[in-house]
Amino acid sequence: MKRGRVFSGIRCTSGQHIGNYLGAMVNYVALQEDYDCIYSIVDIHSLTTLEETDRLRQNVLETALDLLAAGIDPQRSILYVQSHVPEVVELATLLGMVTPLGWLTRVPTFKEKVRMHPDNVNYGLVGYPVLMTADIILYKADTVPVGEDQLPHLELAREIARRFNRLFGDTFPEPQGKLSQAPMILGLDGVNKMSKSLNNDIPLAATPEETERRVMTAVTDPQRTHRHIPGRPEVCNVYSLHRFFNPDQVEVVYGECTTAKRGCVECKKQLAEGINRALAPFRQRRAELAARSDYVEGVLADGAARASVIARETLVEARDRIGLPAPYAH
Ligand code: SF4
């Protein structure tokens with residue numbers, strides 16, 4: 001039976017955190033068993049905010065290190081840098097011609113970004129979903145791993161692909177969302193999704209000491225103002241994280257918290273130990289890969305070459321469907 005094709009774009013940052021790991025990366029690794037996977041480090045998408053371009057090259061490599069250390073297998077999957085397959089930009093331009101502006105301005109994240117950065121509402125920001133659609137359908141991917149919050153974006157990608165197909169004939173599959181089972185991981189503030197920009201994250205590549213320092217800042221049950229007051233694990237994010245990193249201790253944590261037999265300080269220390277234990281193999285692999293930058297760059301070069309073969313084929317087909325003239329021979 002033909003395997004489906006997965007595509008996912010990963011924003012490049014100076015290091016992924018445990019929210020990215022549990023929420024996406026573990027899933028990326030598992031998908032390799034059943035799908036042909038294409039994972040793109042989406043550096044062009046990072047340009048919409050233009051905040052960190054001086055670190056962009058470094059961030060691309062850091063992200064590649066995280067993905068490879070987590071278990072992305074370059075023999076089975078394609079891992080490449082978005083801007084190294086520039087066909088995506090041409091396809092995004094073509095898709096832009098069939099995408100009504102109203103579809104883009106109604107996207108909730110666009111409205112939110114306009115509210116947050118009213119001085120930087122650029123063309124790239126409004127066109128973000130078109131580039132995202134081009135990312136996916138350039139490879140005729142049929143499956144996209146998504147969290148619940150990304151479903152509206154995927155629906156828009158499907159609408160754009162559908163519109164192209166209606167206007168120019170069947171060209172692109174409408175990508176299906178594959179809902180990740182991983183829950184949303186809250187940050188150390190216990191309120192917002194874990195995010196580097198909110199400074200509520202636990203970096204994957206942190207040292208064990210840094211990890212403990214970060215975990216000790218976690219907000220717990222706000223009603224537990226004294227060691228002798230019983231806690232409410234169900235409202236405490238430290239407890240939620242124990243589920244992932246100390247699964248065999250969850251009942252003990254619950255029992256001791258609700259009877260005030262344990263304090264939050266020792267509870268957090270135990271969590272930090274669990275995180276450090278669980279991430280030790282990842283951190284070791286990451287350090288080994290970091291010492292082999294030629295290997296990592298080689299993986300990305302090979303990934304771009306393999307992705308380009310598919311991309312060029314799709315683009316020739318799309319141009320032909322639209323009726324653009326093929327390049328003339330000399
Ligand atoms: Fe949270 Fe643990 Fe404190 Fe209970 S003891 S409130 S689970 S940190």
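Reader: Which helices each supply at least two residues of the lining of the second largest pocket?

Author: Keep in mind that this is a predicted model. In that lining, helix H3 (87-96), helix H4 (101-105), helix H6 (123-126) and H7 each supply at least two residues. The lining has 22 residues in total, and Ala92, Tyr123, Gly124, Gly127 and Val130 lie nearest the pocket's centre. The volume of the second largest pocket is about 470 Å³.

Reader: How do the residues of that lining divide into nonpolar, polar and charged?

Author: They come out as 14 nonpolar, eight polar and no charged. Gly counts as polar in this scheme.

Reader: Turning to the rings, how many aromatic pairs are there by the rule?

Author: The count comes to seven aromatic pairs.

Reader: Why is the pair of Phe7 and Tyr139 called stacked?

Author: Their ring centres lie 5.9 Å apart and their planes are at 10 degrees. Pairing needs centres within 6.5 Å, and planes under 30 degrees apart count as stacked, so Phe7 and Tyr139 form a stacked pair. This pair links distant parts of the chain, with Phe7 in strand S1 (residues 4-10) and Tyr139 in the loop between helix H7 (128-137) and strand S4 (143-146), 132 residues apart. Ring pairs also join Phe7, Tyr80 and Tyr139 into a cluster.

Reader: What makes Phe7 count as buried or exposed?

Author: Buried means under 20% relative accessible area. Phe7 has 2% relative accessibility, so Phe7 counts as buried. Tyr139, with a relative accessible area of 0%, is buried as well.

Reader: And why is the pair of Tyr28 and Tyr39 called tilted?

Author: The centres of their rings are 4.7 Å apart, with the planes at 40 degrees. Stacked needs under 30 degrees and edge-to-face over 60, so the pair of Tyr28 and Tyr39 is tilted. Tyr28 belongs to helix H1 (residues 18-31) and Tyr39 to strand S2 (residues 35-41), eleven residues apart. Both Tyr28 and Tyr39 are buried.

Reader: How far does Arg292 lie from the ring centre of Tyr295?

Author: Arg292 lies over the face of Tyr295, at 4.4 Å from the ring centre. The cut-off for that distance is within 6 Å.

Terms used:
Residues are numbered from 1 along each chain as its sequence is written. This is a predicted model: local features need pLDDT of at least 70, side-chain atom pairs count only at pLDDT 80 or more; totals for chains, interfaces and linings use all residues. Side-chain values use heavy atoms; hydrogens and water are left out. Rings of Phe, Tyr and Trp (its six-membered ring) pair if their centres lie within 6.5 Å; planes under 30 degrees apart count as stacked, over 60 as edge-to-face and the rest as tilted. Helices (H or I, at least four residues) and strands (E, at least two) are DSSP runs, numbered from the N terminus. Buried means under 20% relative accessible area, exposed over 50%, partly exposed in between (1.4 Å probe, protein chains only). A charge sits over a ring if NZ of Lys or CZ of Arg is within 6 Å of the ring centre and within 35 degrees of the ring normal. On a 1 Å grid over the protein atoms alone, a cavity is a set of points where a 1.4 Å probe fits but cannot get out, and a pocket is an open set with protein on both sides within 12 Å along at least five of seven lines; lining residues have an atom within 4 Å of a point. Grid points are joined across faces, edges and corners, and a volume is the space filled by probe spheres set on the points.
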